Amino acid sequence: MKKVKIITIVLAIILVSLIAFAGIYIQTQNRMENKVKDYQLGSELKGRRVIELEVSDTTTETDENGNETTAAREQSPEILTEENYEIVKNTIEKRLQNLGAQDYIISLNKEDGKIRIELEENQNTDLLAYYLTASGEVKIVEKDTETELLNDSMVKKASYNYSMNSEGSYQVYLELKLTKEGQAKIEEISNNYAVLANEIEEIETAQEEKENAENTEDTGTAEEGTENQEAPETEATENQENTKKIAVLKIADTEYDIEKIEKNKITITVGSATTNNITLNNNLSMATEIVMLINSGKYPVIYDVYSNRYIYDDINSDIALYVTLAMIAILLVILIGMIIKYRLKGLLSGISIIGFIAILTLLLRYTNILITIETIGAIIITIVINIVLNVAILNKVQKINSVNEAVKNGYKEIFLDLIPVMIISLVFCFSGWTNLNNFGMTMFWGFVLIPVYNIIVTKTLLKLIEEN
Amino acid sequence: MKQLTEKKKKILAFSVIALIIVIGIIVTIVLGFNKELKYKQNQSIEIYVEQKVDEKKIKEIANQVLGKKNLVETIEIYQDMVSITAETISEEQKNEIVNKVKENYEFEQTAENTAIKTNVKTRIWDMYKNYIIPFIISGVVVFVYMIIRYRKSGILKVMLRTLIIPIIAELLLLSIIAITRLPLGKFTPICVITVYIISIVYVIRRNKK
C-alpha cells in the first residue's frame with residue numbers, strides 16, 4: 001500500500017513536471033496551442049524601445065492649406081550648454097518617474113546634447129515616448145499681438161482638483177502656483193488686461209453688440225440722434241471696459257479659461273462641467289498630463305525625436321539554451337550525488353526537487369513575474385535553498401532516524417538563518433525598479449513554496465519509506 | 001598548533017583579499033571599469049534588409065569584418081533591419097559589411113547611403129542608480145535585525161560584522177571585475193545581489209558560532 005502511495009506521488013510529480021516543462025497542447029483552429037501560460041520576458045531577454053533625441057535644428061509650420069513647411073531653427077549657443085543638456089536629462093527622468101516607468105536607462109552626450117533613452121516595451125511605451133518631447137509651456141499672452149506677459153519661469157507648481165456644482169456637474173480645475181515674480185506680474189496683468197473667462201466673455205459680447213450696432217448704423221441714420229441723447233453714461237462705461245485689452249493663458253499653445261486669480265495662484269478650468277463619467281475622466285487625465293509636464297520642469301533646449309525603434313536583445317535563443325543545459329547538467333550532478341550518498345531517500349528527494357522546480361516555474365508564470373536576468377538569478381538561489389534544505393533533512397534523517405524530527409530541525413536550521421534574505425527579498429518586492437521587484441517577487445514565492453512543498457511532498461515521501 | 005595555523009590561514013586570506021581590493025582600486029582609478037559594448041561610446045550602422053534577417057549570418061559577417069567585439073541586433077517588430085555596433089567602424093569596414101550582407105540578401109540600401117552613427121555612452125551611475133536605495137533600505141533593516149537577534153554575542157562585534165563583511169565582499173567582487181576587465185552590464189546586478197546574500201548568510205553563520 002505504501003509502495004503504491006510512493007508511486008502515485010512520483011507519478012504526480014512527473015505529470016506536473018511534464019506540464020511545466022513541455023506544456024499542454026490542445027488543437028485550436030487547426031493548430032496545436034499550448035494551454036499553459038507562457039513566460040513574460042523582461043526587456044533584457046526580449047527587446048526594448050530605444051528613443052534618440054537630438055537638439056532641434058528645424059521647425060515645422062503648417063500653413064492654412066495644411067501644407068507643412070520646414071525651416072531652420074537656430075538655438076542660441078548660450079542655451080546649448082552642458083548644464084542645460086543635463087537639466088533636460090533630469091527632466092526626462094522626472095517625467096518617466098511621474099508616469100510610473102520602472103525600467104529605463106538615459107544616456108547623455110554632453111558635447112552635442114544627444115540623449116538616448118531605453119525603455120521597457122509594454123502598453124505604456126508609446127505614451128512615455130510621446131511625453132519625452134511633449135511641451136508643458138505655460139504663458140499668458142496678449143490676444144491680438146501675442147506679446148508674452150507671463151511665462152512658465154513664473155510658475156512654481158501645478159496641481160488639479162475637481163468639484164461638483166449645484167447642477168450636479170463635475171468641473172476639473174487646474175491650479176498654477178506662482179513665484180513672487182509671477183504674483184507681481186499677474187497683479188499687473190489683471191489690472192491692465194481682461195484675463196478672467198467672464199471678463200473676456202463680457203468684452204467679446206460687448207464687441208459683438210457694437211459691431212452689430214455699427215452694421216445697423218449704416219442702414220438707418222435718422223433715429224440715432226434721439227437714442228444718443230438718452231444713453232451717454234452707459235456708453236462711457238462700455239468704452240472704459242473696451243479699452244481693457246484681452247490676455248489669454250496658453251498651455252502648450254492651447255488656450256484655457258482662467259476661472260479665478262488669487263494672490264499666489266491662478267485657477268483654470270479644464271474642459272467643461274460634465275455629468276458624463278467618460279468626459280470627466282478625459283478631463284482628469286488631461287489635467288494630470290499638464291500637472292506632470294509642469295511639475296517635472298521645462299526643457300531649456302528644444303529637442304526633436306531622431307529615432308524611435310524597437311530593438312531585439314542580443315541574448316538569443318542559443319545562449320538561453322546553453323545556460324539552461326548548463327543548469328540541467330549541474331542539477332543532474334547534484335542529484336546523482338544525492339542518490340549515491342542517501343540511496344533511495346536521495347532518489348526520492350531528487351524527484352521531489354524536480355517537482356519543486358516544475359511548480360516554481362508554473363507559479364512564476366501564473367503570478368505574472370517578468371523573467372529578467374535577476375529573476376533567473378532568484379530562481380537559481382531558490383533552487384539552491386531547496387536543495388540545501390533537502391540535504392539538511394536527509395543528513396538529519398541519517399543521524400536521528402526520525403523524519404518528523406529531521407524535517408523540524410532542518411526547517412529550524414535553514415529558515416532561521418534565512419530571515420535576513422527574506423527581509424532583503426521583501427524590500428526588493430516593494431522596489432519601483434522592474435528588475436529588483438521581479439527578483440524580490442521570485443524569492444518571495446520561493447520562500448512561500450519551499451516550506452509548503454517540502455512538508456507536503458518531501459516529508460510524505462521520506463515518511464512512507466521510513467514506515468516501509 | 002592547530003589554532004596557530006587557523007590564525008595564519010585567516011591572516012593569509014585577509015592579506016589576499018586586501019591585496020585584490022587595493023589592486024582593484026588602483027585599476028579602477030587608472031583604467032576605470034570596462035563596460036559592455038552597448039554602454040560604451042560606440043559606432044553603429046543600420047541596414048534595412050527588407051526581409052527577416054538571420055542574425056547568425058549577419059553576426060558571422062560582422063565577426064569577419066570587425067573582429068569578435070561587435071554587437072548585432074535586429075530592429076523593429078518584423079526584424080527586417082539590423083544594427084551592427086562596434087567601438088569604431090571605418091568607412092571601409094562599413095562598405096565591406098553592407099556589400100557582404102548584399103551578397104546574402106536583396107535590398108535597396110547601398111554602402112554609400114549607409115551612415116556611420118556615433119552613439120552616446122552610458123554612465124555607470126545612470127546604469128545602476130535605481131538599485132542603490134533598495135540596497136540601502138534592505139541593509140538598514142537587516143542591520144537592525146542582526147543587532148536584535150545576536151545582541152548576546154556582543155552588539156559592537158555584530159554591528160561591525162554586519163557592516164564590514166558585506167562591504168568587503170562587494171569590494172572584492174568589484175575589484176575582481178575591474179582587474180579581470182569583465183564588462184559591467186546586465187549581468188552585474190545579479191552578481192552583486194548574490195554576493196550580498198552570500199555575505200549576509202556568512203555573517204549569520206559567524207554570529208552563531
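The questions and answers below concern a predicted model with chains A and B, and they set computed values against the terms used for them.

Q: Why are helix H12 of chain A and helix H6 of chain B called roughly antiparallel?
A: Helix H12 (residues 419-429) of chain A and helix H6 (residues 188-208) of chain B pack at an angle of about 150 degrees, their axes lying 9 Å apart. Angles over 145 degrees count as roughly antiparallel, and H12(A) is therefore described as roughly antiparallel to H6(B). The handedness of the crossing is right-handed.

Q: What makes the contact of H12(A) with H6(B) nonpolar, polar or charged in its residues?
A: On H12(A) the contact is made by A:Pro420, A:Val421 and A:Ile424, while H6(B) contributes B:Ile197, B:Ile200, B:Val201 and B:Ile204. Since Pro, Val and Ile count as nonpolar, the division comes out as seven nonpolar, no polar and no charged residues.

Q: Which element gives the most to the side of chain A that touches chain B, and how many residues does each chain bring to the contact?
A: The contact between the chains takes 31 residues from chain A and 34 residues from chain B. On the chain A side, at least two residues each come from strand E7 (104-108), strand E17 (303-312), helix H10 (373-400), H12 and helix H13 (434-467). H12(A) gives the most, with seven residues. By class, the side of chain A that touches chain B divides into 18 nonpolar, six polar and seven charged residues.

Q: Why are H10(A) and H13(A) called roughly parallel?
A: These two helices of chain A pack at an angle of about 25 degrees, with 9 Å between their axes. Angles under 35 degrees count as roughly parallel, and H10(A) and H13(A) are therefore given that description. Their crossing is right-handed, and the contact of H10(A) with H13(A) has twelve nonpolar, eleven polar and one charged residues.

Q: What is the geometry of H5(B) against H6(B), and which residues make the contact?
A: Helix H5 (residues 155-180) of chain B packs on H6(B) at an angle of about 145 degrees, with their axes 9 Å apart, and the crossing is right-handed. The contact includes B:Val158, B:Ile165 and B:Leu173 of H5(B), and among the residues from H6(B) are B:Val192, B:Ile200 and B:Arg206.

Q: What makes E15(A) and E16(A) a pair, and what joins them?
A: Four bridges link strand E15 (residues 254-261) of chain A to E16(A), and the two strands run antiparallel; the pairing requirement is at least two bridges. A:Ile258 has A:Ile268 in E16(A) as its bridge partner. The strands are joined as a hairpin through three residues.

Q: How do you know that E11(A) pairs with E12(A), and what is the phi of A:Gly168 in the turn?
A: Strand E11 (residues 155-164) of chain A and E12(A) pair in the antiparallel sense over nine bridges, against a requirement of at least two. A:Tyr162 stands opposite A:Val172 in E12(A). The two strands form a hairpin with five residues between them, and A:Gly168 in the turn has a positive phi of about 85 degrees.

Q: Which residues make up the domains of chain A and of chain B, and what distance separates their centres?
A: Chain A is divided by the domain assignment into domain 1 (2-34 + 316-467) and domain 2 (47-217 + 234-310), whose centres, taken over C-alpha atoms, are separated by 55 Å. For chain B the assignment gives domain 1 (2-26 + 123-208) and domain 2 (37-119), with 42 Å between the centres over C-alpha atoms.

Conventions: Residues are numbered from 1 along each chain as its sequence is written. Chains are lettered from A and ligands numbered from 1 in the order in which they are written. This is a predicted model: local features need pLDDT of at least 70, side-chain atom pairs count only at pLDDT 80 or more; totals for chains, interfaces and linings use all residues. Domain bounds come from an automatic or database domain assignment. Axes are lines fitted to C-alpha atoms, for helices over the stretch in contact, and angles run from 0 to 180 degrees between N-to-C directions. Angles under 35 degrees count as roughly parallel, over 145 as roughly antiparallel, 65 to 115 as roughly perpendicular and the rest as oblique. A crossing is left-handed if the near helix is turned anticlockwise from the far one by less than a right angle, and right-handed if clockwise. Two residues are in contact if their C-beta atoms, placed from the backbone, lie within 7 Å.
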